[in-house]
Amino acid sequence: MTVFLTAITALLSFWRKHPGQLITLLGGLTLATALWSGVQAINAEARASYAEAASALGQDELERLIDPNGPFSQDVYIALRRAGWAVSPVLEGTLTRDSGLIRVFGIDPITAPPAAQTVDLSAAEDLRALLDGRVYGPPELLATLQSSGFERPLVASANLGSNTLLMDIGEAQQLLDQRGLVSYLLLWRTQNTGLPPVNDIAPELSLVGPETRSDVASLTDSFHLNLTAFGLLSFAVGLFIVHSAIGLAFEQRRALFRTLRALGVSARALVLLLSAETLLFAIVAGSLGMVAGYGIAAVLLPDVAATLQGLYGATVEGTLTLRPAWWVGGLFIAVLGAGAAAAQSLWRIWHLPVLAPAQPRAWARASEAALQRQSALALGLLAIAVCVGLLGNGLASGFAMLGLGLIGAALLLPVVLYGLLTVGGRYAKGPVSNWFWADTRQQLPGLSLALMALLLALAANIGVSTMVGSFRLTFTGWLDQRLASEVYVTARSDAEAEALRDWLEPRVDAVLPIWSLNARLAGQPGEVYGVADHATYRDNWPLLAEVPGVWDRIADGTGVLINEQLSYREGLLPGDSILLPGNWDAPIVGVYSDYGNPQPQVMVGLAAFDTRYPETSRLRYALRIDPGRADALMSDLQSEFGLPADTMIDQASIKEISLQIFERTFTVTGALNVLTLSVAAIAILTSLLTLARMRLPQLAPVWALGLTRARLAWLEVLRAALLGALTAIVALPVGLVLAWVLLAVINVDAFGWRLPMHLFPTDWILLGLLAIAAALIAAAWPARWLSTRAPNDLLRIFSNER
Amino acid sequence: MTLRLTDIRKTFPSSEGPVDVLRGVDLTVAAGESVALTGESGSGKSTLLHIAGGLELADAGQIVLGNAQLTDMNDAARAALRRDQIGIVFQQFNLIPSINVADNISFQARLAGQHDAAFCSGLIDKLGLTGLEARFPEQLSGGQQQRVAIGRALAGRPQIVLADEPTGNLDEDTSEAVLEVMHSLVADTGAALLMVTHSERLAARLDRAVHLSHGLISA
Amino acid sequence: MNVNRILVFAALALLVAPATGHTQGFAGLGEAVTENFSQPEPNPEFNFPEDHGAHPSYRIEWWYLTSNLRGDDGKEYGIQWTLFRSALAPSQTAGWSSPQIWMGHAGLTTPDNHFVSETFARDGIGQAGVSTEPFVAFIDDWEMRSTALDGADSLSALALRARGREFTYALNLSAQGPLVFQGDRGFSVKSESGQASYYYSQPFYQVSGQLQLPDGPVNVAGSAWLDREWSSQPLEEDQAGWDWFSLHLNTDERVMGFRLRSTVGNDYTAATWISPTGEATPLPNGAFQITPLKSTEVAGRMVPTEWRVQIPSYELDIQTTPLNPQSWMGTLFPYWEGPILIEGSHSGRGYLEMTGYN
């Protein structure tokens, strides 16, 4: 027992004497846990929002009757009620506001099943107020609506998801301009006896089961997988730090271990003690990391929410909730990570002979055999990655390919660097440069983990920034084409629309109707657009594939265009056909790019749209006008028709909003990128610090033979810069492959669009410099430590005991 | 070239207050002369040797090697002097682990710009290291490592070789062989030799021996 | 009067939550009128068939039918069919914006079972309502449809149907007597301070038809009683509940009597003695006397299920026993309603409704 206590005290006293190392260890683990748990917190928050959205109005519990073609007449509802079916109507739609999309639910509180009761209407006044036009919404949304002049009584309800409004179905029909229409019917779970089949009454309706996952949840899977991948990468990089800190502590405590073993502490007990120590660190650092992760998530969440809103129309709370599962998960991953990082050291202690040399092994010469094994493993992984890429499809296999490829590349790095340094050494002139190359090569085993971390961070950075940059270029070009009209205006009623048309005709170059219909396209909720035959489209609309005379086919109604998303998802190409509402099996004559829209979309000629969907409201118009007159026209419209500001928008504003959404989309990615890179820099620093202490015996003879400490220190810094630069060079092709996979595989699966790859060499140079700078900064501290060693410290190397 | 140490003083701090390790040592080693420096453990032999090689600074006293006044030099100049004029053999960790035997032997000579390939291969031959040129230090035995160190110290034809118990880590037989080869090689090159040792037998074989005790030389 | 029907009053206005902690009478029926609703006036003049239809300017209204039936299996049965209308404001429009709300209750009592069904509807969209020519009162697939010949009162012959989870029924009714106007020629006073409603009945139906029960169909025949009543605030704020009887006596006479229980002062009673040919004699407060004889635990509370009923001026002194003491209407605002058997000075059958027993 005494031995045990002595052992514990001795083991722990080490950390008291080396607070810097303790901070490194805890810091690394904290950072790793923070990044991972931060990403997890964001994901959990978003998923909770989706689940909340899915459970809105009991959709996660109740069956529904829908018309696959979209909203249907409430007469169908009445017919079912009059036949005895206990169903309740819901009209669901979206409103577009400057702040983004708002999801509107119109319900009939009188017939709604209990599972669909989202707001408390237990007071008679509340029910009455709802029927009188009261609107329920989450507090943040109400604040925005109030300030934007939304003219209905608003009441806050915490039960509603963000950007969701609940109101009486009568109000919703007005607000969404869908009079007499319902989106679906909620089916009560118990029904009266002896009812006629639904099919006899409303053959157009079909029954859908309770939604345990919303459409949004599956749409955004890719985004969250993306975040998770980044979180995992950061976590792995963070573990490199922990690994080197624990490794260093192990080396430094060798003498202590020997003494303890000699005192009668068994290897088993020692490993147990050190495991307990690791567990303690994991819990402390894990907890700190969770707090930091919460902070990271809180900072990033608004951008993530904006991204999800902009990209998928998914509403996510901008504020973070603490979930117990998240805490447990975070601590678990911290313990797991610390365990993984400590495993090697523990294994070595387990196998340590009692009287092992008490001196740290100065260095392990890179064994060619080990390098060969490693390159075989790396090439194997790369081969598997290629196979997965060729054979698999879908998001998961895309990420598997990325993961395998990155690990393979990382494993290959020391081999490649070894080769490069060997070649470099061959051209070395003079003993110092000769020694420099050789010695740099010999440092590889000790630094390779940190360099792998740097490689991963750099490759991810190049890959993601290339992807984002390519996207930005394509997107801005596409916006310029797509948003050809100068002003877009939406009337509030059909009558107003007609008046608008008459008023506008003589005042603008063209009034181009944009009429749309919500519809299920290939089973997904989507939209059908009616567009006019006009040069605006013929000249500007970006087509990816087309048949000859495509615009004539559109104009005469013998063909339709589909967006790229629909084309990829369903494998539809010009020459195929698609089933549209009203049983129209429409021939596809072209595919257009439609970035930023998660939903399938179809464009049809205005005449055909008019004939086939005469019921649709005709409220939206694009106006062609001299851009200089756009502002004047808009203010005229406002004074003439009293149109609220949010019903009109000019081209420049749309572009600005679109680009804003775009930039916010990648803020998170950018932030994680920077964090990963800094983690890699810290990993290099800790590795170098670890090595610096062990390197004295390697440097002392060189010093003794006539190199000053200052020169040696500079060489050390140069060495780090060289390794950083070489790693950056290796990272470049890896990053470009990563970018290609992101653009050509992940994006297509995740978003449904494929983007051309653009190269940004200036960014690479910048990143290369950044990598070198990171290495230099990391090397500066140990180098300074070396240059200020007293000669005594160096001389002590040469005598028997240190 | 003569090494002349005059009134060297050195004090080390310790937990029981400052310890005067060297209290005014005078020692001269003439060109080509071999001198053994003996003394009790902790008597300051190694410190004196380090000071003589410019590896460590004395608190007071004069160190003159040929015409060079070490006490007036900065770190870089002392390093240059060490590189050009002095060969050093330590008890252990003499070698640069990342380069092979041949490169280790020629390292200082190259550094000093005095590399002579034929001379080096001659040394390798005489040291019995033939065939081991491409090996790395960790692949050698302790005796072999010290021979490489000796070769390295002599390869640049230094004016003086300083050796600090070069066989302290070796068994007696090996030690004997290593000292034998060092002694004869130093003699061949005409360099002076100042060697710290605790072996009376070895001391007796050099031109003379001085004894360091209580911080002073007693002849 | 069918005071039970009153429950709907504000039931509809409160329908999302169970009535907990209400101090203003059962189901908010005693709530003071806040909107500009019409108020019943003495000396009413009814116009038919218009007055068989809805009166949207009054806050509450019902079409309330109960029937005592005997099956060809020899068992006694009872059914209830009710359509309630409740107005949030005294107006009616087409579309979702109509401030009227409808509620239906259907009950079917057997000696061993009591089945209940309840449904709600918005006005203005065709899910529920009452039309007068031809007369149809409906909610969902429940209907009370006139089958009267031209020229006859449209309530003189009806087809009735309703459905629940365990049952359906379809009955044909034909009246053997005239409409009976309760209170003072249809002006029915509900308290000493003068709360009142318009109230008339058709107590003379002969019934035949079929019940669909979990065990299969049963053909039935018997008698039925329809109440029509509308008002805007029928109860005093301190009246907490009521006990209402409709009796078909073996002498072919009928009796309607109720007691309104006050939480603070005296109970209020009213009754109508109806001759076999339909002459109605209103009885003043106090003439109708009831005493509970036995209570039964129903749905976790004690409810008096056997009564002694006395009208000394008509030498009526009877005991009533329920066909099924567990005739509990577990609806949003729950109450007891079921068929009863009569013994004593007279025999016969009838219906009993009790509200406000917590």
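**Exercise 1. Is Arg85(C) buried or exposed?**

Solution. Arg85(C) is buried, at a relative accessible area of 0%; buried means under 20%, exposed over 50% and partly exposed in between, with a 1.4 Å probe and protein chains only. Arg85(C) lies in strand β2 of chain C, residues 76-87. Helices (H or I, at least four residues) and strands (E, at least two) are DSSP runs numbered from the N terminus. Last, find a partner. The Arg85(C) side chain comes to 3.0 Å from the backbone oxygen of Tyr58(C).

The model is predicted: local features need pLDDT of at least 70 and side-chain atom pairs pLDDT 80 or more, while totals for chains, interfaces and linings use all residues. Residues are numbered from 1 along each chain as its sequence is written, chains are lettered from A and ligands numbered from 1 in the order written, and side-chain values use heavy atoms, without hydrogens and water.

**Exercise 2. Describe the interface of chain A and chain C.**

Solution. Start with the residues. Chain A brings 29 residues and chain C brings 28; contact means heavy atoms within 4.5 Å. Then take the area. About 2,400 Å² is buried, 57% of it on carbon and sulfur atoms. Buried area is the accessible area (1.4 Å probe) that two parts lose on being put together, summed over both. In chain A, Arg82(A), Ile110(A) and Arg128(A) lose the most area to chain C, together 27% of what that side buries.

Now the charges. The rule finds four salt bridges here, each a side-chain nitrogen of Lys or Arg within 4 Å of a carboxyl oxygen of Asp or Glu. Arg122(C) forms a salt bridge with Asp168(A), with the closest N and O atoms 2.6 Å apart.

Finish with the elements. On the side of chain A that touches chain C, α3 (74-82), α4 (124-131) and α6 (169-175) of chain A each give two or more residues. α3(A) gives the most, with five residues.

**Exercise 3. Describe the interface of chain B and chain A.**

Solution. Residues come before area again. In this contact, 30 residues of chain B meet 28 residues of chain A. The buried area is about 2,700 Å², and carbon and sulfur atoms give 62% of that. In chain B, Phe93(B), Pro97(B) and Ser98(B) lose the most area to chain A, together 21% of what that side buries.

Then the charges. The count is one salt bridge. Asp75(B) and Arg709(A) meet in a salt bridge at 3.7 Å, N to O. For the elements, α2 (75-85) and α3 (101-111) of chain B each give two or more residues to the side that touches chain A.

Definitions and conventions. A polar contact is a pair of N or O atoms within 3.5 Å; within protein, one must be able to donate a hydrogen and the other to accept it, and residues adjacent in sequence count only if both atoms are side-chain atoms.
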